[in-house]
Every structure is written in structure tokens, then in C-alpha cells.
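Student: I have a new structure to look at, and I would like to learn how to read its features. Could you take me through them?

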Amino acid sequence: MAKEAVFTMKLESELRAEFMAEAAAADRPASQILRELIREYIQRQRQARDYQAFLGEKVARARESVVAGRGLDGAEVEAQFAAKRDQVLKQP
């Protein structure tokens, strides 16, 4: 990927000095480390957004199911899983 953009930012002097020292200790250019951090941040944000969309869709489907009369209340779910647990525990 061509590096055509310049990114300027303000930091506390101490934070910059510590970062530059760590980059030097790792024998890596600071710009390379920052690019990696930015890419990781973008990936995390996209994953979080995708997960929130997934959860939103899942909740919407669950609400539609309840409105359509296909939902179970907590006691019914617990009773079903209690029966399943009993079956599993009875198996040799």
C-alpha cells in the first residue's frame, strides 16, 4: 500500500518519549507500529459493530417470535432444560 497521507497528532511529551523509546528498543520504526495499531483498532471497531448488528438482529427475531406467540417465558425454558439435565444425568 502506498504511503501518501501524513497524519499529525498532538501527544504529551512524556508519552511520545516513552513510545519512541519502546519503538527503538524493539528496533522498529514508530510509524510502522502506529500503522499496526491503527489497523488493529479498525479491525476491533468493525468486529464490535458487526457483533452489535448480530445481537440487534437476534433480539429483533426473538421479539417477533414472542409477538407471534412462539416465545417461552423463563419458567418454561428452565423446566425444559431441567428435564434435559435430568435425562443427561440418568445416562450411564
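Tutor: Let us go through the helices, a turn, the salt bridges and the surface, one by one.

Student: Before that, what should I know about the model and its numbering?

Tutor: This is a predicted model, where local features need pLDDT of at least 70 and side-chain atom pairs count only at pLDDT 80 or more, while totals for chains, interfaces and linings use all residues. Residues are numbered from 1 along each chain as its sequence is written, and side-chain values use heavy atoms, with hydrogens and water left out.

Student: What happens at the start of helix 3?

Tutor: Look for a polar contact there: a pair of N or O atoms within 3.5 Å, where, within protein, one must be able to donate a hydrogen and the other to accept it, and residues adjacent in sequence count only if both atoms are side-chain atoms. Here a side-chain oxygen of aspartate 73 comes to within 3.1 Å of the backbone nitrogen of alanine 75.

Student: Is aspartate 27 buried or exposed?

Tutor: Buried means under 20% relative accessible area, exposed over 50%, and partly exposed in between (1.4 Å probe, protein chains only). With a relative accessible area of 70%, aspartate 27 is exposed. Serine 65, in helix 2, counts as buried at 18%. Leaving aside neighbours within four places in sequence, serine 65 is in contact (heavy atoms within 4.5 Å) with Arg70 and Gly71.

Student: How many salt bridges does the structure hold?

Tutor: A salt bridge is a side-chain nitrogen of Lys or Arg within 4 Å of a carboxyl oxygen of Asp or Glu. The structure holds 3. One joins glutamate 36 to arginine 28, with the closest N and O atoms 2.4 Å apart. Arginine 85 and glutamate 78 meet at 2.4 Å, N to O; arginine 85 is partly exposed at 43%, and glutamate 78 is partly exposed at 43%.

Student: And where does arginine 61 come in?

Tutor: An α-helix has 3.6 residues a turn, so residues three or four places apart point the same way. Arginine 61 and glutamate 57 are 4 residues apart in helix 2, separated by about one helical turn. Their side chains meet in a salt bridge (3.0 Å, N to O).

Student: Which residues form a nonpolar patch on the surface?

Tutor: Patches are made of residues with over 30% relative accessible area and no salt bridge; like charges are joined within 9 Å, and nonpolar side chains (Val, Leu, Ile, Met, Phe, Trp, Tyr) within 5 Å. In this case the nonpolar patch consists of Leu34, Leu37, Ile38, Tyr41 and Ile42, with about 430 Å² of accessible area together, by the Shrake-Rupley method with a 1.4 Å probe, where for residues only the protein chains shown count as cover. Leucine 37 belongs to helix 2 (residues 30-67) and is partly exposed at 42%.

Notes
Helices (H or I, at least four residues) and strands (E, at least two) are DSSP runs, numbered from the N terminus.
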